[in-house]
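Thanks for coming, everyone. Please have the sequence and the structure open while I talk.

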Amino acid sequence: MGINQLIYAWTAIFPIAVLLYYFFRKKYVKQSVSSTLFWQEAMKETKASPYLQHLQRNALFYLQMVAMILLVLALLQPYWKTKAIAGEQIVFIVDTSATMKVNANNSTSLFEQHRKKMLELVEQLSGKPLTLITTGNEPTVLLRQETNTNQMVNEIKNQEISYEAENMSKSLDFAQSFFQNKATSVYIFTDELDRQSLPLQHENVSWNVEALTTDITNVSIKRFGATETKNGISTLVQLENQSNKEFTTELTISNEEKRLMTEEVILPPKETITLSFEQLSTSSYLKASIDIKDSYLLDNETIVFMQDQLTNVFIDSSIHTLVRTAFQSLDINVSSVPSEQVELLKEKGIIVTNQFGIDDENEKPTLYIGRNDVSPKEVNGIVKTNDSPLFAFADLSDIYVSSLYPPVDGYTTIATVGDNPFIQTSETGDIIILADIQMTDWPLSPTFPLFMWSVKEYLSVGSDYIGTFTPNERKPLSLGATEEWEIYTMGDEYEYTIENGGKFLAPSEPGLYALRSNDIVKNLSVILPQEEKVIDKGTSYKVNNQQTNGEDDYQAHSFVPYLLILLVILFVIEWEVQRRRGFTS
């Protein structure tokens with residue numbers, strides 16, 4: 001609390017002068033007494049309530065004194081201060097990824113804690129404009145330079161988790177367009193963010209990171225895959241213990257009707273284990289789940305759809321026999337085909353060859369291992385891979401590659417040896433390994449058959465299954481001549497309608513979905529991105545700069561309007577007291 005006009009303190013002499021005047025003036029009390037008896041009774045009544053009698057006789061004096069004191073205070077312009085956020089404008093960057101659903105204190109999610117904090121900060125804006133940005137594949141501006149507090153509160157309360165990967169770097173780049181050389185306070189609400197990720201080149205911007213600061217436990221189904229074989233369904237499950245203590249959990253695989261298997265699994269701290277299960281019953285989809293009470297429940301269950309897969313693999317006879325052995329270990333039909341007949345195949349299946357550019361009228365999915373149209377060159381370096389489902393179970397970092405063929409223009413590189421492309425994919429879905437098997441030690445690694453299993457899954461997409469998507473993923477799809485499609489959950493709950501011809505928008509929550517249009521039904525699955533299955537404890541911190549120093553501002557609120565209201569009330573009371581006593585007295 002403080003005062004703005006201390007110079008007007010001299011006006012306090014006026015109420016002091018009035019007070020002195022009342023002390024030295026002569027005082028008379030008019031009292032009519034008809035007899036001595038009545039005099040005695042009047043004296044008794046006066047002695048019985050001296051303070052009330054005094055107040056009644058001097059009410060106008062006290063009212064005038066209070067009014068004058070209030071006038072002096074109003075001239076001094078007193079105020080009280082409330083804490084306000086520093087800067088000319090405020091920017092909120094809110095992480096809406098799936099990891100925000102982690103239980104930070106056994107009852108409330110981290111997202112709800114951040115929401116509460118945002119509402120508290122809104123009360124400290126003191127009229128400063130707020131820009132609210134949410135993270136995701138495409139950062140979204142929910143509020144732009146908003147000054148209406150009610151609008152801010154409503155928007156914050158209506159926020160929901162999008163389940164997308166946070167893409168914080170993209171959101172930070174996007175937020176910089178709002179700084180405009182103004183002193184800005186940026187608040188980032190997330191689970192964990194390294195200081196080095198912040199764009200600290202802005203001297204007039206201070207950064208405030210609100211993160212996950214409590215210890216959590218998390219056991220995750222990192223990956224789950226299934227494929228049909230001659231003897232039933234074969235599955236691979238990868239479990240990861242991200243905690244510092246050992247856990248024992250019950251892994252269950254079930255289909256749409258019943259449990260297919262249950263197994264107790266011991267997970268050592270900070271380790272990942274891979275389990276395989278064979279000869280499971282034929283199903284339309286499979287669900288893997290673990291029974292464990294950890295801090296993050298979203299990655300305790302995952303579902304895969306059993307699409308109409310291709311079960312035949314035709315291998316060019318010129319390809320190394322270890323490739324055939326790897327595919328045969330998957331318990332699928334493998335046939336060796338003479339090189340000159342590969343182009344003539346009519347049966348449905350996956351082709352494995354080195355005849356790059358063969359004229360395949362049936363457009364069969366193809367895995368190219370090496371090329372017969374160019375010569376290789378020697379290379380040296382470590383194998384690095386991109387985020388691709390082909391490497392879900394296969395880590396290629398330890399294999400050695402001596403030579404590579406030239407890359408294919410227009411293909412997407414998903415693995416490299418040093419700076420040289422190693423594995424590429426085409427727009428139609430074909431895969432090319434730019435090396436012969438004998439140029440590597442890959443067959444000696446346990447990842448080799450796992451990679452071939454992933455290749456088989458990748459190339460075996462059926463016509464009634466349009467693919468696997470991440471939450472809210474946008475992708476151009478050709479869904480046939482039908483103009484309108486409706487999306488339903490597997491529980492037959494309507495989600496929304498999409499129009500054919502535009503970009504397909506996947507649902508936000510993970511799970512299995514069906515696209516329906518008249519009698520046509522297509523299936524799709526939505527899964528969490530791999531980075532959203534990892535929970536890291538973070539640190540809340542502030543990064544200040546030279547101009548703002550990160551210090552909080554204080555908003556001054558004047559007492560003067562309230563003092564003036566009291567003065568008006570006092571003047572009305574004085575007028576009423578004077579009126580009752582008579583203006584001539």
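I will take a helix, then a sheet, then some aromatic pairs. Keep in mind that this is a predicted model.

Start with helix α5, residues 110-122. It has 13 residues, and at 1.5 Å a residue they should span 18 Å. The end C-alpha atoms are 19 Å apart, which agrees. Which residues of α5 are buried? They are Leu110, Phe111, His114, Arg115, Met118, Leu121 and Val122. Down the axis of α5, these buried residues fall within an arc of 140°, so they line one face of the helix.

Five strands form an open sheet, in the order β25-β31-β30-β27-β28, with mixed pairing. β25 and β28 stand at the edges with a single partner strand each, so one side of each has no neighbour in the sheet. The twist averages 25° from one strand to the next. β25 pairs with β31 in the parallel sense, over 4 bridges. Look for Gly467, opposite Leu524 in β31.

Last, the aromatics. The structure holds 11 aromatic pairs. One of them is Phe92 with Phe189, edge-to-face, 5.4 Å centre to centre and 80° between the planes. Phe92 lies in β3 and Phe189 in β6, so the pair ties together parts 97 residues apart in sequence. Phe92 and Phe189 are buried.

Methods. Residues numbered from 1 in each chain as written. Predicted model: local features only at pLDDT ≥ 70, side-chain atom pairs only at ≥ 80, totals over all residues. Heavy atoms only, no water. Helix = DSSP H or I, 4+ residues; strand = E, 2+ residues; numbered from the N terminus. Expected span 1.5 Å × (residues − 1). Buried < 20%, exposed > 50% of the residue type's maximum accessible area, 1.4 Å probe, protein only. Arc of directions from axis to C-beta. Pairing = 2+ DSSP bridges. Axes fitted to C-alpha atoms, helices over the stretch in contact; angles between N-to-C directions. Phe/Tyr/Trp six-rings, centres within 6.5 Å; stacked < 30°, edge-to-face > 60°.
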